[in-house]
Amino acid sequence: MLLKAIAICSFIYLTYWMYKDLRSRQINAVMTIAWLSALILVPYISLPIYLIVRAFSPKKISNAQSISHLCSKCGYENKKTSSCKKCGNTITL
Ligand SMILES: [Zn+2]
């Protein structure tokens, strides 16, 4: 009885963890639902597969970081521009 309760609790936690993990990786809604339903229906198969897939797909950098470009000359942080706002230096991407 206790063992069953522990198993259920860890399964709920695992589902929650996978959901959070999928969200942090900016996986689209369809894939999130597909992964979660696979986990619920066939946990012994889908969990190892998910962990393997996860290992080969690194976390995406957030959009805020990828659109700002540091000027190589003065170090000013520019957003969506080809030349530095501060010193006018051309920013190479
Ligand atoms: Zn600059």
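Me: Before we start, when does a residue count as buried, and when as exposed?
Reply: A residue is buried if 20 or more other C-beta atoms lie within 10 Å of its own. With 12 or fewer, the residue is exposed. In between, the residue is partly exposed. Keep in mind that this is a predicted model.

Me: Okay. How many residues of helix 3 are buried, then?
Reply: Zero, out of the 14 residues of helix 3. So helix 3 lies largely in the open.

Me: And how many in helix 1?
Reply: Two of its 23 residues are buried. Helix 1 therefore lies largely in the open.

Me: Let me back up. What is the chain built from?
Reply: Four helices and two strands. From the N terminus on, the order is α-α-α-α-β-β.

Me: Where does helix 1 sit, and how far does it reach?
Reply: Helix 1 covers residues 2-24. From its first C-alpha to its last, helix 1 reaches 33 Å. That is close to the 33 Å expected at 1.5 Å a residue.

Me: Same check for helix 3: what span should it have?
Reply: At 1.5 Å a residue, its 14 residues should span 20 Å. The end C-alpha atoms of helix 3 are 20 Å apart, which agrees.

Me: What comes after helix 1?
Reply: Gln26 follows helix 1. Gln26 is found in the loop between helix 1 and helix 2, which is residues 29-41.

Me: Is Gln26 buried or exposed?
Reply: Gln26 is exposed, because it has 10 other C-beta atoms within 10 Å.

Me: New topic. How do helix 1 and helix 2 run relative to each other?
Reply: They are roughly antiparallel. Their axes come within 10 Å and cross at roughly 160°. The crossing is right-handed.

Me: Which residues meet there?
Reply: From helix 1, Thr15, Met18, Tyr19 and Leu22. From helix 2, Thr32, Trp35, Leu36, Leu39 and Ile40. By class, the contact has seven nonpolar, two polar and no charged residues.

Me: Now helix 2 and helix 3. What is their angle?
Reply: About 135°, with their axes 6 Å apart. Helix 2 and helix 3 are therefore oblique to each other. Helix 2 passes helix 3 in a left-handed crossing.

Me: Who meets whom?
Reply: Trp35, Ala38 and Leu39 in helix 2 meet Pro43, Ser46, Leu47 and Tyr50 in helix 3. By class, this contact has six nonpolar, one polar and no charged residues.

Me: Last topic, the strands. Where is His69?
Reply: His69 lies in strand 1, residues 68-70. His69 counts as partly exposed, because it has 17 C-beta neighbours inside 10 Å.

Me: How far is His69 from Cys84?
Reply: Their C-alpha atoms are separated by 9.0 Å. Along the chain, His69 and Cys84 are 15 residues apart.

Me: And what share of contacts joins residues at least 24 apart?
Reply: In the protein chain, 17% of contacts between residues at least 6 apart in sequence.

Key:
Residues are numbered from 1 along each chain as its sequence is written. This is a predicted model: local features need pLDDT of at least 70, side-chain atom pairs count only at pLDDT 80 or more; totals for chains, interfaces and linings use all residues. The expected span of a helix is 1.5 Å times one less than its number of residues. Two residues are in contact if their C-beta atoms, placed from the backbone, lie within 7 Å. Axes are lines fitted to C-alpha atoms, for helices over the stretch in contact, and angles run from 0 to 180 degrees between N-to-C directions. Angles under 35 degrees count as roughly parallel, over 145 as roughly antiparallel, 65 to 115 as roughly perpendicular and the rest as oblique. A crossing is left-handed if the near helix is turned anticlockwise from the far one by less than a right angle, and right-handed if clockwise. Ala, Val, Leu, Ile, Met, Phe, Trp, Tyr, Cys and Pro count as nonpolar, Asp, Glu, Lys and Arg as charged, and the others, Gly among them, as polar.
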